[in-house]
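Trainee: I would like to go through this structure with you step by step, and to learn how each answer is reached.

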Amino acid sequence: MNPLQNTSDSSLLEAEEESRKTDPSPCVLGYIPIIYYSILLGLGLPVNILTAVALSKLAFRTKKSSYYYLLALTASDILTQIFIIFVGFILQTAILHRKVPNAFIHMVSVLEFSSNHASIWITVILTIDRYVALCLPLQYRSLSYPERTRRIIICVFLASFVTGIPFYWWSDVWRDPRTPGLLDRVLKWVHCFIIYFIPCTIFLLTNSVIIVRLRRKSESKRYKLRIGKTTAILMGITTVFALLWAPRTIVIIIHMYVSSVHKNWKVHLAMDIGNMLALLNTAVNFFLYCFVSQRFRDMVREILGLQKSCHMVEGKKSHSDNFSDSLKPMEIPQATAI
């Protein structure tokens, strides 16, 4: 039974007729993207599930907002891997060869963009939370607590789904040879601002303010003020995000005004590489957490049965307690790390 045709479907049919007249640009990388996405999904999905289990246990034991935000970030990364990597690239492209109803493609686009928005904007909220913890430590406990954190996370996921609905009309860049119309350009510019320009601006401003405030405190108090591991790793995550997503954002803008993926193999190649780099961002957080946090490593070992259950003692100070150290006031002795 064929789905009802709408305006977007008719435009896709026209594009398909035009594509028969012009040969599409070849995929220079061949099967490399499919192999890459299969490995990324095969390794990244189990690792993210393990991360989610560990963070949920830590959040339940400590009741700290940081763990809830990190858990939400991991959940959004899992959704991104399922909808974009598995359904979008592996299922539609490799297995079904995009021979699926147009309505299905459009619905998957909504889920892809929704999960993508959630992943990015949870990171934005986490960045703002760390900014408040470092720059407004006395007000932090009254502003950030588990109940409010859970409400904020729910609002971010709902807002991400709402902002993903307009992308039902997102054009298929891989098989659409026509020049992007007004609706295409509006959606692409909105996409670039939502997933890159606005988040990167917030990351740059908050990280700059944190560094400046820490430097001023260090100079005024005449002792060395150290950036906590949580803050340092968050700056690393935001930097990696800005670097990995920059190529894809640039290619989307080029696609709008220079040449389409369908007609130019160079743009096709750049889009493939840009997507591969951007989606790599969904599988690296586990290794960052393990590198930074002794508590997280102990929890992973406990889940895997490599050690006995660890007893979490609140208030016990440790250099590896990297998720709670950022809650301390800024006027502290030199031997204590933020």
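This is a predicted model: local features need pLDDT of at least 70, side-chain atom pairs count only at pLDDT 80 or more; totals for chains, interfaces and linings use all residues.

Trainee: How many aromatic pairs does the structure hold, and how is the pair of Tyr 196 and Phe 197 arranged?
Mentor: The structure holds 16 aromatic pairs. In one of them, the rings of Tyr 196 and Phe 197 are 5.7 Å apart from centre to centre, with 80 degrees between the planes. Because planes over 60 degrees apart count as edge-to-face, the arrangement of Tyr 196 and Phe 197 is edge-to-face.

Trainee: Is Phe 197 buried or partly exposed?
Mentor: Buried means a relative accessible area under 20%, and exposed means over 50%. Tyr 196, with 14%, is buried. Phe 197 has a relative accessible area of 28%, and is therefore partly exposed.

Trainee: Which helices does the pair of Phe 203 and Phe 241 link?
Mentor: These two rings form an edge-to-face pair, 5.8 Å centre to centre and with 90 degrees between the planes. Phe 203 counts as buried at 3% relative accessibility, and Phe 241 counts as buried at 5%. The pair links distant parts of the chain, 38 residues apart, with Phe 203 in helix α7 and Phe 241 in helix α8.

Trainee: What is the direction of α3 and α6 relative to each other?
Mentor: The axes of helix α3 (residues 65–95) and helix α6 (residues 146–164) come within 9 Å and cross at roughly 20 degrees. Among the residues that meet there are Tyr 68 and Leu 79 in α3, and Ile 153 and Phe 157 in α6. Since angles under 35 degrees count as roughly parallel, α3 and α6 are therefore roughly parallel to each other.

Trainee: In which helix is the place of His 117, and is His 117 buried or exposed?
Mentor: Leaving aside neighbours within four places in sequence, His 117 is in contact with several residues, including Ser 160, Phe 167 and His 191. The place of His 117 is in helix α4 (residues 102–135). Because its relative accessibility is 1%, His 117 counts as buried.

Methods:
Residues are numbered from 1 along each chain as its sequence is written. Side-chain values use heavy atoms; hydrogens and water are left out. Rings of Phe, Tyr and Trp (its six-membered ring) pair if their centres lie within 6.5 Å; planes under 30 degrees apart count as stacked, over 60 as edge-to-face and the rest as tilted. Buried means under 20% relative accessible area, exposed over 50%, partly exposed in between (1.4 Å probe, protein chains only). Helices (H or I, at least four residues) and strands (E, at least two) are DSSP runs, numbered from the N terminus. Axes are lines fitted to C-alpha atoms, for helices over the stretch in contact, and angles run from 0 to 180 degrees between N-to-C directions. Angles under 35 degrees count as roughly parallel, over 145 as roughly antiparallel, 65 to 115 as roughly perpendicular and the rest as oblique. Contact means heavy atoms within 4.5 Å.
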